[in-house]
Amino acid sequence: MIRVLRSGIAGCLVLLFATAGPAKPVVPPEAPTSLRPLAAYSLQTFTTRDGLPLNYVPEIVQDPRGFLWFGSAEGFSRFDGSHFEWMNRRTLPGLTSDNVGTLAIAADGSLWIGTAGGGVFRLQEGRIVEAIPASALPNPEVVDLAPSADGSLWISLRGGLCRWADSSLTCFGRESGVLDPWTGDLLVSRVPGLGERLWAIVGNRLAVGGPHGFETLSLGLEPTELPETLALAPDGVVWLGTSSSRVGRLVDGTFVAEVELDAAGRIMALAFDDQGALWIGTGGAGLFRWHAETIEQLSVANGLSNDRVLSLLFDREGFLWAGTFAGLVRIDDSLFSVYDRRHGMTPDTVVGVTAGPDELFVATDGGGLFRFDGFGLERLSDPTEADQQVRSLLVRSDGSLWGGSRTGVQRWDRDRWRPVPTPADQARVTALFEDSEGCLWIGMTQSGVHRSCGEGWQTWGEGHGPRLSGVYTFVNRSAGGVWIGGRDGLVQIDAEGEATLYGLDSGLPDLLVTALHEDPEGALWLGTVNAGLVRFLHDRFVAIDETSGLPSNTVWAILPDTNGHLWLSSNYGVSRVATEELTAVAEGRSSRLNAARYGPSEGLIDPECVGGSINAGTLTPSGGLAFATSRGVAIVEEPEAAAFDPAPPEVFVTKVTVDGRRLPLGPQLELPPQGRRVVVTAGAPTAVSAQRVQLRYRLIGFEEAWQIVGTERQITFTNLPPGGYELELAATRDGRSWGKPSILAVSVPARWYQRLEAKTLAILLLVTAFTLFYRLRLRELRRREAELAAMVAERTEALRLANDELERRNQQLAHLSTRDPLTGLANRRRLESALATEWRRATRHRHPLSLLMVDVDEFKAYNDSQGHPAGDSCLRDLAEVLRAVSQRSADVVARYGGEEFAVLLPETAREDARHLAERIRVEVQARAIPHPESPVGSVVTVSVGLASIVPDGGAHEGQATLVEAADQALYRAKRQGRNRVVG
């Protein structure tokens with residue numbers, strides 16, 4: 001039970017401390033008028049797999065540059081929104097304990113670190129510059145730290161309260177008003193006219209004061225109730241959370257409860273957002289948000305990683321970070337609201353979404369049908385065999401809901417799907433559509449297109465007009481009739497029923513048309529699998545793809561907003577681009593698009609959108625946009641309010657190592673003259689579209705051209721010559737707009753032997769020595785010249801012939817031992833050798849390593865039906881595709897056995913590996929090798945299993961795990977229907 005308690009006290013005064021001046025009225029938080037429900041918020045969890053040193057996160061702070069810092073029992077880490085840097089005793093000389101329980105930001109931006117047993121330390125520019133040893137403290141366990149504006153530091157201990165100022169430690173006891181040595185949370189408040197005051201939890205009371213003494217507030221809590229945590233509201237009021245699940249404010253030195261959370265455990269953390277709402281982290285019931293008399297809860301049941309919330313922080317970009325016992329969670333009122341398993345959708349792979357008059361209908365892959373009313377999901381039926389087969393949805397003008405499945409057309413009747421007699425009986429229906437005249441259209445895999453306008457059916461395909469198989473999408477023609485997209489290209493059926501097919505010979509760049517949209521100017525926009533977005537106007541097709549700035553060459557859905565933009569879904573998320581920019585590129589007036597790309601940072605938990613049907617996306621009844629994804633239905637409630645990427649973040653140098661040794665940072669970086677390998681680590685602190693932030697650099701004085709390092713954060717220089725340089729670093733989110741460069745001055749002093757005097761002396765000595773040696777040896781050399789010349793000529797010729805023969809045989813043997821004779825690819829032995837080598841390299845550099853397992857679908861049936869010579873030819877064709885797609889010299893393409901192939905991808909993250917795997921799958925299918933016996937389709941297809949890892953040791957076991965993970969992903973791909981990428 002959750003109760004909201006109203007104090008009923010009007011015009012109460014806040015007691016800052018006993019002798020404070022005029023008190024300040026207390027104003028309870030107002031209810032924001034536009035507060036979105038927590039169910040619409042996105043949650044992204046970070047764990048040790050993402051770089052955290054430990055999943056237990058007791059402390060979160062943010063420094064003035066925007067970096068987030070997280071404490072743990074295994075050290076602490078710095079985070080720029082996409083990359084963690086783990087710091088501990090092994091990486092920071094001077095740090096004596098890894099058990100970091102509290103962190104604080106000093107007035108100068110440096111970081112104070114409080115440990116359990118090791119003392120207190122101050123980190124500045126990557127090195128420990130000050131330390132308070134544990135032996136100097138009354139108790140070695142540091143509970144909390146609170147820096148003051150004057151540079152001093154308050155330290156809460158399990159054995160007292162102390163202050164560090166001017167390298168001197170002062171501790172406070174009963175004589176100073178601190179009546180209990182058991183000290184807890186600290187809070188520094190700064191009130192105009194009253195100065196700075198420290199609030200400290202001491203036992204079951206609160207001490208308020210400063211360096212000259214404290215006054216104790218009894219609080220008036222229950223006898224068994226203890227104060228646990230403090231927070232300062234935006235209006236200056238001090239709030240308190242207790243051990244009895246209560247939260248309240250301080251009024252006249254007394255705790256006045258506002259919220260009581262029964263059985264929630266201790267109140268562990270409090271934080272106010274910029275709308276005045278209070279967020280409450282508990283020790284057993286997750287996270288709560290309170291505004292006025294409304295309380296909402298986030299827990300494990302709806303996406304929180306753990307119900308013990310230890311720390312809370314709102315960063316400068318408005319994101320809420322919650323440290324729990326099981327990872328770090330970022331909570332955001334983001335652009336996209338995702339409704340998935342957290343809201344009762346299981347499983348949550350959405351295969352179709354369509355809009356009714358007041359709601360959305362969502363079909364899932366095996367999970368049945370759901371209704372979304374704008375607030376939450378309601379399951380309309382238990383999963384049945386019919387429900388699981390529904391792949392297309394249609395809400396007709398009379399409000400009825402229709403579905404297309406593998407066995408025909410069905411209509412929803414209160415609580416179940418009921419078959420509807422149509423020409424599509426026992427055929428797979430891929431698309432349903434109602435045109436502007438109210439006629440029903442049915443698109444199928446093999447049986448053409450059927451239309452009914454009330455009585456009877458008209459058919460196209462199956463000998464009636466152009467070929468129509470595998471229909472994906474319909475859209476109304478402004479001139480009457482419909483446009484149809486599918487496997488055979490684009491079909492126009494005019495108002496008189498005349499059909500026209502547009503294929504490759506008509507200029508269509510890709511036959512696989514997945515989405516259609518006709519804009520008010522009469523241009524038809526086509527989404528394709530391989531050619532991106534295509535504009536069709538005046539009988540001319542123009543493709544706009546990745547080379548023009550489109551995020552992906554696959555487009556599943558095209559949805560317009562009212563601001564003149566098109567929203568596109570793909571395997572890599574959702575993007576938004578202005579129709580005006582698309583038109584400019586299509587007409588040759590521009591070469592690049594400024595496409596806004598949306599992914600996890602904007603709320604898409606899994607950015608992989610689902611396509612291949614008319615229901616990949618839809619406009620919502622309220623004017624929003626909804627997209628089918630592999631992790632729920634993603635909804636943009638206000639697309640008109642969406643903005644393009646904000647300004648690129650600033651870039652900072654966070655670490656410099658020379659031959660593995662870390663250097664102190666400052667405005668001028670002086671490298672040691674003997675350094676050979678210099679590694680510069682940079683950070684661009686932001687949580688907005690962090691996964692897309694890319695860096696570039698140039699070292700003025702060494703190389704003038706900008707070098708793109710992409711999403712990597714490390715830059716390496718080797719053997720820099722002596723001199724002065726300027727390292728410039730800049731960041732971008734879209735690849736076009738780069739931020740203002742940050743500049744670091746770098747100097748490399750000359751070694752003693754590189755100076756002019758040393759060089760001159762060395763030259764003189766060498767000339768003298770050479771002259772003497774020449775004169776002494778000249779006579780002997782002449783005498784033996786003729787004899788040696790003959791002997792050398794004879795032996796050189798013999799050796800050349802022997803070496804040539806040995807080299808030829810070695811090359812032949814090496815080639816035979818590492819190559820597959822049928823395909824010419826590397827064999828399994830070569831793959832295993834390369835995997836061992838790349839594993840060691842990835843372990844050293846902490847680079848990702850990905851592996852693809854590629855298998856020909858139903859290859860045995862292909863061999864049996866086409867013969868083994870055709871099977872061998874098929875395998876050679878697949879090898880050509882793998883060679884063509886995997887073009888990096890470091891990639892290894894191998895025949896793993898039979899019809900199974902493997903692709904090893906060093907320094908390749910999962911997202912890039914998935915993109916490459918999808919290209920392989922699409923290119924093989926595009927070869928259109930006939931396979932009449934395949935249940936997947938009429939051509940040869942492949943299934944791809946993907947595994948990606950950042951190795952951290954355990955070479956033999958780790959390599960086997962990677963291969964097993966890729967093999968299991970391949971197995972799931974085949975089990976889920978083949979011709980797909982899984983992993």
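This is a predicted model: local features need pLDDT of at least 70, side-chain atom pairs count only at pLDDT 80 or more; totals for chains, interfaces and linings use all residues.
1. Before we start, a quick definition: helices here are DSSP runs of H or I with at least four residues, and they are numbered from the N terminus.

2. Is Thr 823 buried or exposed? Its relative accessible area is 7%, and the cut-off for buried is under 20%, so Thr 823 counts as buried. Its side chain makes a polar contact with the side chain of Asp 820 at 2.7 Å. The side chain of Thr 823 also reaches the backbone nitrogen of Leu 825, at 3.2 Å.

3. What else does Thr 823 touch, once you skip its neighbours within four places in sequence? The list is Leu 875, Arg 876, Ala 879, Arg 883, Arg 895 and Phe 901.

4. Now move on to helix α4, which covers residues 828–845. Arg 828 and Glu 832 both lie in this helix, four residues apart, and that is about one turn. Their side chains meet in a salt bridge, with N to O at 3.5 Å. Both partners are partly exposed: Arg 828 has a relative accessible area of 40%, and Glu 832 has 45%.

5. Some salt bridges share partners, and that is how Asp 340, Arg 341, Arg 342, Asp 348 and Arg 631 are joined into one network.

6. How many salt bridges does the structure hold? The count is 39. One of them pairs the side chains of Asp 80 and Arg 713, at 3.3 Å from N to O. Asp 80 is in the loop between β5 (75–79) and β6 (84–87), while Arg 713 is in the loop between β63 (707–710) and β64 (714–718), so this pair ties together parts that are 633 residues apart in sequence. Asp 80 counts as buried at 4% relative accessibility, and Arg 713 counts as buried too, at 6%.

7. Another salt bridge to find is the one between Glu 434 and Arg 396, whose closest N and O atoms are 3.1 Å apart. Glu 434 belongs to strand β39 (residues 429–434) and Arg 396 to the loop between β35 (392–395) and β36 (401–405), so the pair ties together parts that are 38 residues apart in sequence. Glu 434 counts as buried, with 16% relative accessibility, and Arg 396 also counts as buried, at 16%.

Methods: Residues are numbered from 1 along each chain as its sequence is written. Side-chain values use heavy atoms; hydrogens and water are left out. A salt bridge is a side-chain nitrogen of Lys or Arg within 4 Å of a carboxyl oxygen of Asp or Glu. Helices (H or I, at least four residues) and strands (E, at least two) are DSSP runs, numbered from the N terminus. Buried means under 20% relative accessible area, exposed over 50%, partly exposed in between (1.4 Å probe, protein chains only). A polar contact is a pair of N or O atoms within 3.5 Å; within protein, one must be able to donate a hydrogen and the other to accept it, and residues adjacent in sequence count only if both atoms are side-chain atoms. Contact means heavy atoms within 4.5 Å.
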